[in-house]
Amino acid sequence: MSGILLILATLMVAQGLVTAFGLPVPASVIAMLLMFALLLMLGTVPKGLRQCSDLLLKALPLCLVPAGVGVMMYLDLIADRWLPLLLVLSVSTFVAQCLVMLTLKYLVARRKGG
Amino acid sequence: MGDLLPANLWSDVVLNPTYLWVLVTVAGFWLALALNKACGGSPLVHPVIVSVVLLILVLRVTGVEYPHYFESVSVIHSLLGPAIVALAVPLFDNLKHLRAVLGLFAVTCTFGAAVAVATAVAAGWVLGFDQQLLLTLSTKSVTTPIALDISSQIGAIGPLAAALVLMTGALGCVFLPLVCRLFNVDDPALKGLVLGVTAHAIGTAFAFRYGALSGALSGLVMGVAGSFTALVLPLVISLLV
């Protein structure tokens with residue numbers, strides 16, 4: 001019980017900040033960062049929050065389904081360009097992995113060398 | 001017979017849209033989980049992808065429109081916000097893994113996140129995608145719940161973004177072993193970092209094959225790089241568009 005209270009209170013504070021300052025940022029992400037800062041200050045995860053977050057994280061994939069089904073509104077768009085879309089996703093994911101991996105490898109080598 | 005059962009039993013209970021569609025959604029997800037298990041947890045048979053396909057089939061066959069479906073299951077959707085906040089807990093749990101690779105982690109979450117966005121938008125631009133589709137592509141490496149939020153901030157097509165994110169996650173798991181062979185990398189920490197920033201939650205599940213450290217780092221990157229993207233991308237776009 002105390003877990004969901006804490007989470008909802010954090011979400012309300014975050015939404016308040018977003019509205020008050022007109023931030024172009026999702027309130028839920030701000031709330032997650034606030035919660036993370038709170039945990040850092042506490043140094044431990046309160047039992048109620050632990051129980052509640054375990055449950056929510058288990059349900060997280062299910063929570064994505066209603067929004068995901070919305071893709072049925074765009075099936076025509078996908079049918080029209082499934083090949084370019086697949087190409088863009090494949091090429092950009094592969095190139096991004098190569099670039100990040102090379103950068104990290106370079107940093108590791110430099111640290112070992114120096 | 002007709003007198004024993006109230007006439008509105010069927011319409012009020014069985015056809016109550018909330019009961020009916022929440023039940024069908026949970027059942028579809030449960031089926032998808034079982035199928036994923038049967039396929040050895042393959043990232044290509046991801047439970048979210050499978051249950052979305054199943055539900056679209058059901059809605060098509062029964063002729064139900066998406067807005068009606070979404071309104072009926074809004075109770076499930078409204079748990080997304082609290083679930084994102086709950087991500088702070090595993091983030092905090094895995095902090096101890098971070099000390100040894102703090103520098104690499106910071107580079108991955110900032111430079112890596114920018115590379116993931118830039119490569120996607122660049123590739124789409126080369127193929128002549130319109131602006132809204134480019135915006136939708138920009139969130140493809142961010143974990144789905146955060147990508148949905150960013151999409152509504154920047155005017156991208158949320159549901160399409162979710163589909164692209166899931167596809168990207170699966171592709172990332174297919175490509176990573178190739179990339180590692182190409183550059184002769186065998187460090188589980190590097191594998192976890194790269195999976196987290198390019199393939200979010202699906203990549204994180206995959207990263208646990210390389211050990212607990214790899215999985216934990218991937219999960220951390222997913223949360224921090226996702227937040228970084230959520231904070232910076234809408235600002236950059238508001239300056240550009």
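Guide: A salt bridge is a side-chain nitrogen of Lys or Arg within 4 Å of a carboxyl oxygen of Asp or Glu. The model is a predicted one, and the count between chain A and chain B is 1 salt bridge.

Visitor: What makes A:Arg50 and B:Asp93 a salt bridge?
Guide: The closest N and O atoms of A:Arg50 and B:Asp93 are 2.7 Å apart. The cut-off is 4 Å, so the pair meets the criterion. Side chains of opposite charge can pair when their charged atoms come close.

Visitor: How many salt bridges are there over all chains, and why is the pair of A:Arg50 and B:Asp93 said to join two chains?
Guide: The count over all chains comes to 2 salt bridges. A:Arg50 belongs to helix α3 of chain A and B:Asp93 to helix α7 (residues 88–93) of chain B, so the pair joins two chains.

Visitor: How many residue pairs are in polar contact between chain A and chain B?
Guide: The count is 10 residue pairs, with both residues at pLDDT 80 or more. On the side of chain A that touches chain B, at least two residues each come from α1 (2–21), α2 (27–42), α3 (47–63), α4 (65–69), α5 (75–80) and α6 (82–113). The largest share, 24 residues, is supplied by α6(A). That side divides into 52 nonpolar, 11 polar and 4 charged residues.

Visitor: What is the extent of the interface in residues and in buried area?
Guide: In chain A, 67 residues are in contact with 90 residues of chain B. The area buried between the two chains is about 7,100 Å², and carbon and sulfur atoms give 85% of this area. Within chain A, the residues that lose the most area to chain B are A:Met32, A:Gln97 and A:Met101, together 10% of what that side buries.

Visitor: Why are α10(B) and α13(B) called roughly parallel?
Guide: The axes of α10 (residues 144–154) and α13 (residues 212–240) of chain B come within 10 Å and cross at roughly 10°. Angles under 35 degrees count as roughly parallel, and therefore these helices are given that description.

Visitor: Which residues of α10(B) meet α13(B)?
Guide: B:Ile146, B:Ile150 and B:Ile154 of α10(B) meet residues of α13(B), including B:Gly226, B:Leu233 and B:Ile237.

Visitor: How many helices and strands does chain B have?
Guide: Chain B has 13 helices and 0 strands. Its C-alpha trace spans about 75 × 40 × 30 Å along the principal axes.

Technical notes:
Residues are numbered from 1 along each chain as its sequence is written. Chains are lettered from A and ligands numbered from 1 in the order in which they are written. This is a predicted model: local features need pLDDT of at least 70, side-chain atom pairs count only at pLDDT 80 or more; totals for chains, interfaces and linings use all residues. Side-chain values use heavy atoms; hydrogens and water are left out. Contact means heavy atoms within 4.5 Å. Buried area is the accessible area (1.4 Å probe) that two parts lose on being put together, summed over both. A polar contact is a pair of N or O atoms within 3.5 Å; within protein, one must be able to donate a hydrogen and the other to accept it, and residues adjacent in sequence count only if both atoms are side-chain atoms. Helices (H or I, at least four residues) and strands (E, at least two) are DSSP runs, numbered from the N terminus. Ala, Val, Leu, Ile, Met, Phe, Trp, Tyr, Cys and Pro count as nonpolar, Asp, Glu, Lys and Arg as charged, and the others, Gly among them, as polar. Axes are lines fitted to C-alpha atoms, for helices over the stretch in contact, and angles run from 0 to 180 degrees between N-to-C directions. Angles under 35 degrees count as roughly parallel, over 145 as roughly antiparallel, 65 to 115 as roughly perpendicular and the rest as oblique.
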